[in-house]
Amino acid sequence: MPAQDKTRRLPSQSISQDINSLHGLQTISTYNTSRTDASVEKLQQTYQTMLAQQQSETEKLTLYRSAADAARLAEWEFHNAVLAMKEVIRGQYGSDSDQAQAVGLKKKSERKRPNRKKLVAIPS
């Protein structure tokens with residue numbers, strides 16, 4: 001059997017089949033093995049551990065999503081506040097002021113005017 005790649009998640013279909021196999025094993029009253037990793041007790045223990053870890057993951061994902069949403073909203077609030085501040089600077093000091101340049105706006109006098117494209121006659 002090739003080495004297992006434990007860095008990737010198992011497909012949910014495989015886990016579902018494993019759970020069905022465990023439930024099927026519980027109907028076999030004569031199951032007995034000398035392998036400790038395949039005993040009923042070990043299977044029950046690993047199943048309960050898996051459920052607890054999945055629940056923990058779900059709870060942490062929920063907290064992560066909530067924190068990510070809060071951070072995203074805070075970023076937008078900050079961005080909108082900066083845009084409002086730039087509008088106030090432009091209104092108080094003008095579009096060609098040093099104050100406007102200090103907050104990251106380009107001075108009106110430093111803007112490059114668009115060049116007209118010369119029409120080239122195409123000989124026919």
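1. Helices (H or I, at least four residues) and strands (E, at least two) are DSSP runs, numbered from the N terminus. On that basis the protein has three helices and zero strands, in the order α-α-α from the N terminus on.

2. This is a predicted model, in which local features need pLDDT of at least 70 and side-chain atom pairs count only at pLDDT 80 or more, while totals for chains, interfaces and linings use all residues. Residues are numbered from 1 along each chain as its sequence is written, and side-chain values use heavy atoms, with hydrogens and water left out.

3. Along the principal axes, the C-alpha atoms fill a box of roughly 90 × 55 × 25 Å.

4. Helix α2 covers residues 40-93. Its 54 residues should span 80 Å at 1.5 Å a residue, and its end C-alpha atoms are 78 Å apart, which agrees. The expected span is 1.5 Å times one less than the number of residues. After α2 comes G94, with a positive phi near 100°.

5. The axes of α1 (residues 12-25) and α2 come within 11 Å and cross at roughly 140°. Axes are lines fitted to C-alpha atoms, for helices over the stretch in contact, with angles from 0 to 180 degrees between N-to-C directions. The contact (heavy atoms within 4.5 Å) involves I15, I19, L22, H23 and L25 of α1 and V40, L43, Q44, Y47 and M50 of α2.
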